Amino acid sequence: MSKKKDTTVEKAQEVVQPEATKAEETTVEETTATEEISVEEQLKEDLAKEKDKFLRLFAEFENYKKRTSKERMELFKTASKDVVVAMLPVLDDFDRALAEIAKTDAEDVKKGVELISNKLREALKAKGLGEVSVKAGDVFDAEDHEAVTQIPAPTDEMKGKIIDVLEKGYTLGEKVIRYPKVVVGQ
């Protein structure tokens, strides 16, 4: 009997072992499936991160292109700024010369100086130079004018207003390159 019992125990062990192996295989399959799902999810997350990174980099590059293009256009507009600023005293001298010649009877000299002055002004105007329009009686604005001095106002109406323009102001394109120098009534 002992042999019979031993064989039965062995068979029982064999039967139990395959069932355990099946349970282990099922657990391994479930673990593998969850690992595959988590790997798949991980890959999706990585892909989403990379897409976001790419879009941000692309947007940053587009902004860089726009900014450099804008800077380049601004540079072209004001490339001649140094030359134009150097010519402003010459324009002031022409204005003073014309004012002095107007006091005399030299019409030929006046016409000659006016022709040269107009030619210079037109050449600078073609490069983008514009004159800031300011006249006596305008309201003084510290952002648009440079006050050289203040004098007592001749009338109460002239308080806080421009009494005299000492130097004209100029713009190059849309940018002010020299503010008008004025005398303000106090």
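In the predicted model, Glu62 and Lys65 lie three residues apart in helix H1, which spans residues 2-77, so that about one helical turn separates them. These two residues form a salt bridge, in which the closest N and O atoms are 3.4 Å apart. Both partners are partly exposed: Glu62 has a relative accessible area of 24%, and Lys65 has a relative accessibility of 39%. Helix H1 also holds Phe54 and Phe58, which are four residues apart and therefore likewise separated by about one helical turn. The count of aromatic pairs in the model comes to two, and one of them is the stacked pair of Phe54 and Phe58, with 6.2 Å from centre to centre and 25° between the planes. Phe54 is exposed, with a relative accessible area of 53%, which places this residue over the 50% cut-off for that class, whereas Phe58, at 45% relative accessibility, counts as partly exposed.

The secondary structure of the protein comprises three helices and six strands, and along the sequence these elements follow the pattern α-α-α-β-β-β-β-β-β. Of the 186 residues of the protein, 16% count as buried.

Salt bridges in the model number 12. In general terms, side chains of opposite charge can pair when their charged atoms come close. Within helix H2 (81-102), Arg96 and Asp93 are three residues apart and are thus separated by about one helical turn; the two residues form a salt bridge in which the closest N and O atoms are 3.0 Å apart. Both of these side chains are partly exposed, Arg96 with a relative accessible area of 48% and Asp93 with a relative accessibility of 43%.

A further salt bridge involves Asp92, whose side chain meets that of Arg178 at an N to O distance of 2.9 Å. Because Asp92 lies in helix H2 and Arg178 in strand S5 (residues 175-178), this pair ties together parts of the protein that are 86 residues apart in sequence. Asp92 and Arg178 are both buried, which means that each has a relative accessible area under 20%. The pair also belongs to a network of salt bridges in which Asp92, Glu167, Arg178 and Lys181 are linked.

Lys181 is also found in the strand pairing of the model, where this residue is the bridge partner, in S6, of Glu146. Strand S2 (residues 146-151) and S6 run parallel and are joined by five bridges. Strand S6 pairs with S3 as well, in this case in the antiparallel sense and over four bridges, and in this pairing Val165 stands opposite Val182 of S6. Strand S6, which covers residues 181-185, is mostly covered, since four of its five residues are buried. In a regular strand, the side chains alternate between the two faces of the sheet.

By class, the lining of the largest pocket contains five nonpolar, two polar and six charged residues.

The C-alpha atom of Leu88 is separated by 9.4 Å from that of Gly169, although the two residues are 81 residues apart along the chain.

Key: Residues numbered from 1 in each chain as written. Predicted model: local features only at pLDDT ≥ 70, side-chain atom pairs only at ≥ 80, totals over all residues. Heavy atoms only, no water. Helix = DSSP H or I, 4+ residues; strand = E, 2+ residues; numbered from the N terminus. Nonpolar A, V, L, I, M, F, W, Y, C, P; charged D, E, K, R; others polar. Salt bridge = Lys/Arg side-chain N within 4 Å of Asp/Glu carboxyl O. Buried < 20%, exposed > 50% of the residue type's maximum accessible area, 1.4 Å probe, protein only. Pairing = 2+ DSSP bridges. Phe/Tyr/Trp six-rings, centres within 6.5 Å; stacked < 30°, edge-to-face > 60°.
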